[in-house]
Amino acid sequence: MIAQLTGTIASVGESYAVVDVQGVGYAVHAGAHTLANLKVGSQAVLAISTIVREDSITLHGFNTAEERDLFELLQNAQKIGPRIARDAVEVLRPEAIRRAIATGDTATLTRIPGVGQKSAERIVLDLADKIGPVDLGNVPKQSGGRPGGWRTQVGQGLQALGWSAKEAESAIEKLDAEGADGTDVPSLLKQAIRLLGKR
């Protein structure tokens, strides 16, 4: 698999660039943020994600390996394909996306084109345990080390997964009463699901 290309920019289009590597031109799909840094005739180093399908091999290029890795990670969430994943990296910086997933900040994730509330909740649920350590900076916490607004976010997540508002409220009350040990929204959501699953 191609993970990086170093070469001369032969041309730049609206959604791709051609990178000349020792006489071989590679068409690399990229977003506006990445393409803006590429000038015809200049040397460039692009982090590459190679997507192999039955009928095609597509290269997606990024300014940094961090952007490429996040692009690949996002596609592990249900219904998130290369286009939405690339738009995510274009619209939000990698650290902002990782922080949003870690804290269950679905409002930030819905800024990604093509991602609505349910898709944002699905991203949090599918990827929270895969993003690794995240610097949460100055994210406000409630007593017990929980992020502010966790009750609302857990409730929305449960309802998006098919439980009623009443069931969601009951699970949240139990989490509160039991002093659940989760300190982030994804952990609390998973505990709530386990509680409801016992019924």
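Predicted model: local features only at pLDDT ≥ 70, side-chain atom pairs only at ≥ 80, totals over all residues.
Residues are numbered from 1 along each chain as its sequence is written, and side-chain values use heavy atoms, with hydrogens and water left out.

Let's start with salt bridges, meaning a side-chain nitrogen of Lys or Arg within 4 Å of a carboxyl oxygen of Asp or Glu. The count comes to four. One of them joins E67 and R93, with the closest N and O atoms 2.5 Å apart. E67 sits in helix α2 (residues 65–74) and R93 in the loop between α3 (82–91) and α4 (94–103), so the pair ties together parts that are 26 residues apart in sequence. Helices here are DSSP runs of H or I with at least four residues, strands are E runs of at least two, and both are numbered from the N terminus.

Is E67 buried or exposed? It is buried, at 2% relative accessible area, whereas R93 is partly exposed at 31%. Buried means under 20%, exposed over 50%, and partly exposed in between, using a 1.4 Å probe and protein chains only.

Next, D126 pairs with R122, the closest N and O atoms being 3.1 Å apart. These two are four residues apart in helix α6, so about one helical turn separates them. D126 is buried at 15%, and R122 is partly exposed at 23%.

Finally, M1 is found in the segment before β1 (4–12), and M1 is exposed, with a relative accessible area of 80%.
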